[in-house]
Each structure stands twice: as structure tokens, then as C-alpha cells.
Amino acid sequence: MRHARTTGADKAVLQQVFAETPVPPGVPTDNQATMFLALTCGDAKWPHDVDG
């Protein structure tokens, strides 16, 4: 089992994801959700098979 360590950048992204304040002008509204998914889902290889 691999244990990951949270970096300062990780903490900053998580603070943005769970913040209730609006995003700054010019930043896409789905940016927070995209970064959250990239952070949480990017730790393992995903299958290439659509049925999987």
C-alpha cells in the first residue's frame, strides 16, 4: 500500500475546491472540479476499455 503525502499545492487546490466563494473573473467555473478530479483520480492508471 502506497501512502501519499499532501503538499502545499495539494492543500491550496483542496481549499479552492471546497471554498464557497466565487472563482475570480476569467477562471473557468469548472476549474475547481477539474482540479479536484485530477488530484484524486490521477493516482492510479485508468482502464482504456470503455466497458471496464
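At what angle do α1 and α2 pack, and how far apart are their axes?

## How the two helices meet

In this predicted model, α1 and α2 pack at an angle of about 135°, and their axes lie 9 Å apart. Angles over 145 degrees would count as roughly antiparallel and those from 65 to 115 as roughly perpendicular, so α1 and α2 are oblique to each other. The crossing of α1 past α2 is left-handed.

## Who touches whom

Let's look at the side of each helix that takes part. From α1 come D10, V13, L14, Q16 and V17, and they meet Q32, M35, F36 and L39 of α2. Sorted by class, the residues of this contact are six nonpolar, two polar and one charged.

## A cavity and its lining

The structure has one cavity of 30 Å³ or more, and the largest cavity holds about 30 Å³ of space.

Which residues line the largest cavity? They are V13, Q16, V17, N31, Q32 and M35. Both α1, which spans 8-17, and α2, which spans 31-41, contribute at least two residues each to this lining. The lining has three nonpolar and three polar residues, with no charged ones.

## Putting the two together

Methods
Residues numbered from 1 in each chain as written. Predicted model: local features only at pLDDT ≥ 70, side-chain atom pairs only at ≥ 80, totals over all residues. Heavy atoms only, no water. 1 Å grid on protein atoms, 1.4 Å probe; cavity = no way out; pocket = protein on both sides within 12 Å on 5 of 7 lines; lining within 4 Å. Points joined across faces, edges and corners; volume = space filled by probe spheres on them. Helix = DSSP H or I, 4+ residues; strand = E, 2+ residues; numbered from the N terminus. Nonpolar A, V, L, I, M, F, W, Y, C, P; charged D, E, K, R; others polar. Axes fitted to C-alpha atoms, helices over the stretch in contact; angles between N-to-C directions. Parallel < 35°, antiparallel > 145°, perpendicular 65-115°, else oblique. Left-handed = near helix turned anticlockwise from the far one by under 90°. Contact = heavy atoms within 4.5 Å.
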